[in-house]
Amino acid sequence: MLQVSVYRFNPETDSAPQMQDYNVDTGGKDLMVLDVLEMIKADYDASVTYRRSCREGVCGSDGLNMNGKNGLACITPLSQAVKNNKLVIRPLPGLPVVRDLVVDMSLFYAQYEKIEPYLQNNTPAPAIERLQTPEDRAKLDGLYECILCACCSTSCPSFWWNPDRFVGPAGLLQAYRFLADSRDQATDERLAKLDDPFSVFRCHGIQNCVNVCPKGLNPTRAIGHIRTMLLNRAA
Amino acid sequence: MVTQVTSFSRNGLSDWLIQRVSSLIMLAYFLFIGFQIANGIDYTSWRALHDTTAMKVFTLLAIGAYVSHAWIGLWTVFTDYLTEYMLGSIGNVVRPVLQIAVVLTLVVYAIWVIQVIWG
Ligand code: SF4
Ligand code: SF4
Ligand code: FES
């Protein structure tokens with residue numbers, strides 16, 4: 001029997017969050033953490049609340065903290081998460097809890113909105129599409145794949161302390177995605193908005209973000225590129 | 001509320017650059033002083049060394065680097081941990097009080113160093 005401990009909080013009835021324990025029979029199979037949550041919900045306690053949708057690491061809705069590490073429950077196998085037959089499941093750290101494992105992502109999305117995550121180009125649109133050389137297109141690899149699961153930003157201490165001012169790894173990865181795009185013309189305006197002491201420069205290179213990204217992306221490297229662009233712009 | 005008004009240069013890039021350059025200046029200064037001490041010093045040679053204009057400039061540069069480095073570093077720590085977000089409204093009292101204490105200390109250090117060099 002796998003010992004699973006789940007963070008429970010219902011702001012309407014509970015004064016404080018608490019951990020609830022379940023003994024789950026996994027049948028000895030190396031299930032995904034999401035499967036275990038589904039079993040708990042179906043067989044033990046229908047009130048356990050979490051987000052999920054695609055169950056295959058595409059939608060980014062089931063970012064959770066499993067035995068202390070952020071990740072997507074649907075693609076995290078028990079063999080990777082469980083330690084000493086114990087599995088502790090908590091919501092993503094640093095964001096307000098709506099209920100149980102569901103967090104309020106408003107701050108996270110507000111930072112994403114701030115970096116203007118869309119192509120800006122004022123020249124008349126060509127008849128079919130704006131073309132890119134294969135080399136220019138390759139510059140977006142490792143950037144566009146982000147699914148905005150928030151695993152990275154909610155593992156970043158700088159984002160915990162200043163979620164309203166520090167853009168965070170996810171937002172900055174996307175900021176660089178548009179800075180690096182040969183079709184985007186707003187490079188200078190974008191950089192000007194990142195030049196303050198908080199938006200980019202609260203990153204201290206701790207690399208928690210790189211450590212948890214379920215898509216294997218590297219926000220720290222993107223942040224380094226932004227810093228270099230800011231330096232070159234000032235020089 | 002935490003604003004960037006109290007940051008060293010009010011610009012993230014400059015603060016970041018100053019932080020790096022000042023650490024290099026301090027490293028050079030401490031290595032130089034360490035080297036002198038390792039080679040053995042007495043009052044006359046120490047005095048003669050610090051009486052040269054070059055050494056005075058170097059010492060001033062080092063204290064300038066020290067003051068800016070300390071301020072940028074502590075400002076970052078204070079605006080991470082001593083905020084309304086972390087401590088509640090008391091954060092908006094604790095932070096400015098500590099910031100003023102730090103500024104005063106740093107200014108006193110700087111004046112003291114100048115006093116020592118030209119004293
Ligand atoms: S960078 Fe990775 S961890 Fe961060 S939001 Fe995107 S996919 Fe999730
Ligand atoms: S490298 Fe930067 S963005 Fe990533 S976790 Fe560390 S401080 Fe946060
Ligand atoms: S349910 Fe869609 S990413 Fe896990």
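A salt bridge here is a side-chain nitrogen of Lys or Arg within 4 Å of a carboxyl oxygen of Asp or Glu. By that rule, the whole structure holds 15 salt bridges over all chains.

The model is predicted: local features need pLDDT of at least 70, side-chain atom pairs count only at pLDDT 80 or more, and totals for chains, interfaces and linings use all residues. Residues are numbered from 1 along each chain as its sequence is written, chains are lettered from A and ligands numbered from 1 in the order in which they are written, and side-chain values use heavy atoms, with hydrogens and water left out.

**Exercise 1. Find which parts of chain A the salt bridge of A:Arg8 and A:Asp45 ties together.**

Step 1. Start with the pair: the side chains of A:Arg8 and A:Asp45 meet at 2.9 Å, N to O.

Step 2. A:Arg8 belongs to strand S1 (residues 2–8), while A:Asp45 sits in the loop between helix H1 (33–44) and strand S3 (63–66), so the bridge links parts 37 residues apart in sequence. Helices (H or I, at least four residues) and strands (E, at least two) are DSSP runs, numbered from the N terminus.

**Exercise 2. Describe how H3(B) packs against H5(B).**

Step 1. Take the geometry. In chain B, helix H3 (residues 53–81) and helix H5 (residues 91–118) pack at about 175°, with axes 10 Å apart. Axes are lines fitted to C-alpha atoms, for helices over the stretch in contact, and angles run from 0 to 180 degrees between N-to-C directions.

Step 2. Classify it. H3(B) is therefore roughly antiparallel to H5(B); angles under 35 degrees count as roughly parallel, over 145 as roughly antiparallel, 65 to 115 as roughly perpendicular and the rest as oblique.

**Exercise 3. Characterise the interface of chain B and chain A.**

Step 1. Count and size: 17 residues of chain B contact 17 residues of chain A. The two chains bury about 1500 Å², 62% of it on carbon and sulfur atoms; buried area is the accessible area (1.4 Å probe) that two parts lose on being put together, summed over both. In chain B, B:Leu13, B:Trp16 and B:Tyr85 lose the most area, together 37% of what that side buries.

Step 2. Find the charged link. The count between the chains is 1 salt bridge, and B:Asp80 and A:Arg202 meet in a salt bridge at 2.9 Å, N to O.

Step 3. The axes of helix H9 (residues 219–234) of chain A and H1(B) come within 11 Å and cross at roughly 95°. Here A:Arg227, A:Leu230, A:Leu231 and A:Ala234 meet B:Leu13, B:Trp16 and B:Leu17.

Definitions and conventions: Contact = heavy atoms within 4.5 Å.
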